[in-house]
Amino acid sequence: MASELNAVRKPKPLLEIIHLKKHYPITQGLLKRTVGYVKAVDDVSLTLNEAQTIGLVGESGSGKSTLAHTVMRGITPTAGTVIFHDQTRGAVDVAHADSSTLRQVRRNMQMVFQDPFSSLNPRMTVLDIIAEPLEVNGIAKGKAAQERVAELLQLVGLRPEYMRRYPHAFSGGQRQRIVVARALALNPRLVLMDEPTSALDVSIQAQTLNLLKELQSRLNLSYLFISHDLGVVEHVSDLVAVMYVGRVVEIAPTNQLYQKPQHPYTEALLSSIPKPDPTRKKQRIPITGEIPNPANPPSGCHFHPRCPYAQEVCKRETPLLREVKPGQFSACHFSEELSLKGVNDY
Ligand code: SF4
């Protein structure tokens, strides 16, 4: 009986990213000889379970957005596999699927972008914007589409009678709700969110995050949630993956990663989260320099020129991502020896 219950409770993977790479060739001369590669995504593996959220964090240029677009096959991967567990088709390798399979599977994988202003066509009404994917996929048109749009608007907390208005009549937060309603039109199981709240005011951000969490539990959605804002990611994620120059350098359950980081880059990112209490003096871990150019990253550990704990070996040997504590993986030679500060240790 116990084993039956365990089988019922066992988390089911929805998306498995396996050794995914996106390398852009750098060419030179008339013959366009390849002289190097920009390794935007460099051997990333992640598993996202049903109804789970993985937060993807890192500085701008760390490869987060390229990873999301490669998962969707908006960008063709250089190597690796992206398995999506489709309810009707079973396990589908999105990275190698033919165009017809890809079209079918993509109904279940939607994307929400940062800027609700540019995501919505200003010349279309909200009704046309949200009904478009229903009509294109032959799911509903006319009155049926209108009813579905009304239902979706209610779902995201907007009044259905607004459906004949144009995007300019809405605030930024309302526009992002329209974007979410459109993304949910086809009943997806996975939503990839690329900085979905960073263009919004702080008060609106909180409302939008609460809405996303509520929608997740009502609709059993899984999210891959990209953000440079660690405060936002903490609020929504079950697991957090930290990216640096195209690689995941740490991944762990959210609380564990925020309280006891195992990678110096995570520690530096956590120390930069603004604290609401101005009386609390915080000693920041200085993170010097810029994120390196992925066309020419530093040898060994890519973080070594900026790492306060770097040693000689870090310049020579690339640390592999390995389990350093139960459920916590870090790509640092010295994770076991360092005692790094968590978000509350300042
Ligand atoms: Fe720092 Fe070395 Fe660890 Fe890289 S491997 S994070 S340089 S201590």
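Arginine 316 is exposed, with a relative accessible area of 56%; exposed means over 50% relative accessible area, buried under 20% and partly exposed in between, using a 1.4 Å probe and protein chains only. Arginine 316 belongs to helix α12, residues 312-316. Helices (H or I, at least four residues) and strands (E, at least two) are DSSP runs, numbered from the N terminus. The model is predicted, so local features need pLDDT of at least 70 and side-chain atom pairs count only at pLDDT 80 or more, while totals for chains, interfaces and linings use all residues. Residues are numbered from 1 along each chain as its sequence is written, and side-chain values use heavy atoms, with hydrogens and water left out.

**Exposed arginines and C-alpha distances**

- Arginine 316 and proline 326 are 10 residues apart along the chain, and their C-alpha atoms are separated by 28 Å.
- Arginine 103 is in helix α3, residues 99-106, and counts as exposed at 54% relative accessibility.

**Surroundings of the ligand**

- The ligand is surrounded by 13 residues, of which the closest are Cys301, Cys307, Cys314, Cys332 and His333; a residue is near a molecule or strand if one of its heavy atoms lies within 4 Å of it.
- By class, this shell holds 10 nonpolar, three polar and no charged residues, where Ala, Val, Leu, Ile, Met, Phe, Trp, Tyr, Cys and Pro count as nonpolar, Asp, Glu, Lys and Arg as charged, and the others, Gly among them, as polar.
- The largest cavity holds the ligand.
- A cavity is a set of points, on a 1 Å grid over the protein atoms alone, where a 1.4 Å probe fits but cannot get out; a molecule sits in a cavity or pocket if more than half of its atoms lie within 2 Å of its grid points.

**Two buried polar side chains**

- Arginine 148 is in helix α6, residues 142-155, and counts as buried at 17% relative accessibility.
- The side chains of arginine 148 and asparagine 187 make a polar contact at 3.3 Å; a polar contact is a pair of N or O atoms within 3.5 Å, and within protein one must be able to donate a hydrogen and the other to accept it, with residues adjacent in sequence counting only if both atoms are side-chain atoms.
- Apart from neighbours within four places in sequence, arginine 148 is in contact (heavy atoms within 4.5 Å) with Leu134, Leu184, Ala185 and Asn187.
- Threonine 254, in helix α10, is buried with a relative accessible area of 7%.
- A polar atom of the threonine 254 side chain lies 2.6 Å from the backbone oxygen of serine 237.
- Not counting residues up to four places away in sequence, threonine 254 touches Glu234, Ser237, Asp238, Leu239 and Val240.

**Helix α11**

- Helix α11, residues 264-271, is mostly covered, with eight of its eight residues buried.
- The buried residues of α11 pack against β3 (53-57), α9 (230-236), β9 (239-244), β10 (247-253) and α10 (254-259).

**Positive phi in loops**

- Alanine 51 is not a glycine, yet has a positive phi of about 60°; alanine 51 is in the loop between β2 (33-49) and β3 and is partly exposed at 33% relative accessible area.
- Asparagine 220, also not a glycine, has a positive phi of about 60°.
- The loop between α8 (202-219) and β8 (222-226) contains asparagine 220, which counts as partly exposed at 45% relative accessibility.

How values were computed: On a 1 Å grid over the protein atoms alone, a cavity is a set of points where a 1.4 Å probe fits but cannot get out, and a pocket is an open set with protein on both sides within 12 Å along at least five of seven lines; lining residues have an atom within 4 Å of a point.
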